[in-house]
Amino acid sequence: DVLPSPEGPVPSVSITEIRQYLRAQGIPFHDGYSCLHTPSLFTDGREDQPAQAASAPYTLFIDKMTGSFLCTATLAEGTWQDFQANVELQHRGVPSPSSEEPEEDMRRAREDARCIWDRALPLWELLDEDEMNKTKAMFGISLVTDATLKRFGVRYLRTAKSLIFPWFSPRDATLKGLKLVRVEKKGDAITYVEETLPRFDSYRNLFGLPLISRRDTELVLTGWELDALALHQATGVASLALPRGATCLPPALLPYLEQFKRITLWLGEDLRSWQAAKLFARKLSLKRCSLVRPGDLQPRPLEALNQGLNLTKILRAALPASHKSIVSFRQLREEVFGELVNTEQVAGVKWARFPELNKLLKGHRRGELTVFTGPTGSGKTTFISEYALDLCMQGVCTLWGSFEINNVRLAKIMLTQFAAQRLEDQLELYDEWADRFEDLPLYFMTFHGQQNIKTVIDTMQHAVYMYDITHVVVDNLQFMMGHEHLSVDR
């Protein structure tokens, strides 16, 4: 995924400009948590408008950070510039286009999803009770009842030994995509392998959304579909699962979370989910968020259910995200204990390919700057690309700014390192590896050669908001700064 190039960067828009424009155009709006709410430009005179639209006509949401909009009634979406263009068209009496037909790729993904969905069976319909119990045990959901699985529409695909989680459109309940989860055993360790249709970046399901009623004001956000099932079953609270867990919270999902006055983030049981929860709370507006701190007595919801813990009690003990600017040690006491217990996790994400590097740097931690130096041709770029790839494969969202070599060459190096073989000798494997590579949370800036530093920083900030980037690579500083800034403060 390439971010907008310097010839046409995303023109940034401030919340003040957005408000001024809406007032000037006479468009009523009110301030939400992360979006402004306005009446939709796209529902005029539509026959299929839901009946409740009259009582709550504000179905269009404008993101306060980027100005991009989404109409939840028609699923029309676009940038701030698209929004302005639609307002101009309406003034001229041209009807707004309703949400366009899905592109070819999306249409194909939906057809594939539909085929798989039709072949999958509800778990309780497996003829053999023994097979059903084994399957539930394999996924650790023996305590999850059939009623819960039925309510959330979970199915099982025998041929792939995968649980199937549907993604239904919140507007008309059509099937938009699927997530398949299967279990892989390596020795005693169990890992869950996920695959989505449509692919990685177009998969924006908030699992459980069709079950939310307009009256719900409290919500628990989890990092995994099975956690949402466990939570709902144990506490009865409205719970949703993020499409990519603690990796990122796509801004396109924020409008669907606007109706909640209180959101509790319970993303997982490790330090990375805790850091992600703090990051997401900023996007969602701190004042309405609470966080469940990971700990021995507060594992992830499914684990808590299996251990017979009281999930309601854990939720009640969630901490408000908006702590004050001055704190006493008593308020920090728990966090300090957490850091002592999880010294390994506090050290950061370990490199899988560079055990020696872990001894030197301990791991990749947010908010740190590492500078690699070396003469030309000594292998800095080759090493850094493998170093970044290693973290990216472990779910660290990575943004590359390569000012020296172009993105095609860089991606070729990284793909070769990812596949760990020379693909030029086995071109028939290219598509298979490219598909897997495409699913990594990896983004490239399209700058090349000397750049204006402000443009680069703006692009980075945009990427952090949009894709929850936690690791930025700049290769290299000299090219980015140009050669004329040879003064001391370079």
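Predicted model: local features only at pLDDT ≥ 70, side-chain atom pairs only at ≥ 80, totals over all residues.

Student: Okay, how do H1 and H2 pack?

Tutor: Helix H1, residues 15-24, and helix H2, residues 80-91, pack at an angle of about 10°, and their axes are 12 Å apart. Angles under 35 degrees count as roughly parallel, which means that H1 is roughly parallel to H2.

Student: And which residues meet there?

Tutor: From H1 there are Ile-18, Tyr-21 and Leu-22, and they meet Trp-80, Phe-83, Gln-84, Val-87 and Glu-88 of H2. Sorted by class, the residues of this contact are 6 nonpolar, 1 polar and 1 charged.

Student: What about H14 and H15, at what angle do they cross?

Tutor: The axes of helix H14 (residues 407-419) and helix H15 (residues 430-438) cross at roughly 100° and come within 10 Å, and H14 and H15 are therefore roughly perpendicular to each other. On the H14 side, Ala-411, Met-414, Leu-415, Phe-418 and Ala-419 take part, meeting Tyr-430, Trp-433, Ala-434, Arg-436 and Phe-437 in H15. This contact of H14 with H15 has 9 nonpolar residues, no polar ones and 1 charged.

Student: Switching topic, what's the strand order in the sheet?

Tutor: The open sheet has 5 strands in the order E6-E7-E8-E9-E10, and their pairing is antiparallel. Strand E6 (121-122) and strand E10 (189-197) stand at the edges with a single partner strand each, so one side of each has no neighbour in the sheet.

Student: Which helix packs on the sheet?

Tutor: Helix H3, residues 104-119, packs on the sheet and touches E6, E7, E8, E9 and E10, while its direction makes about 60° with that of E9.

Student: How many bridges join E7 to E8?

Tutor: Strand E7 (residues 155-157) and strand E8 (residues 162-168) run antiparallel and are joined by 3 bridges, and Arg-155 stands opposite Ile-164 in E8.

Student: Last one, Lys-283: buried or exposed?

Tutor: Lys-283, which lies in helix H7 (residues 271-284), has a relative accessible area of 8%, so this lysine is buried. Beyond its neighbours within four places in sequence, Lys-283 is in contact with several residues, among them Ser-34, Leu-249, Tyr-465, Met-466 and Asp-468.

Note on methods. Residues numbered from 1 in each chain as written. Heavy atoms only, no water. Axes fitted to C-alpha atoms, helices over the stretch in contact; angles between N-to-C directions. Helix = DSSP H or I, 4+ residues; strand = E, 2+ residues; numbered from the N terminus. Parallel < 35°, antiparallel > 145°, perpendicular 65-115°, else oblique. Contact = heavy atoms within 4.5 Å. Nonpolar A, V, L, I, M, F, W, Y, C, P; charged D, E, K, R; others polar. Buried < 20%, exposed > 50% of the residue type's maximum accessible area, 1.4 Å probe, protein only. Pairing = 2+ DSSP bridges.
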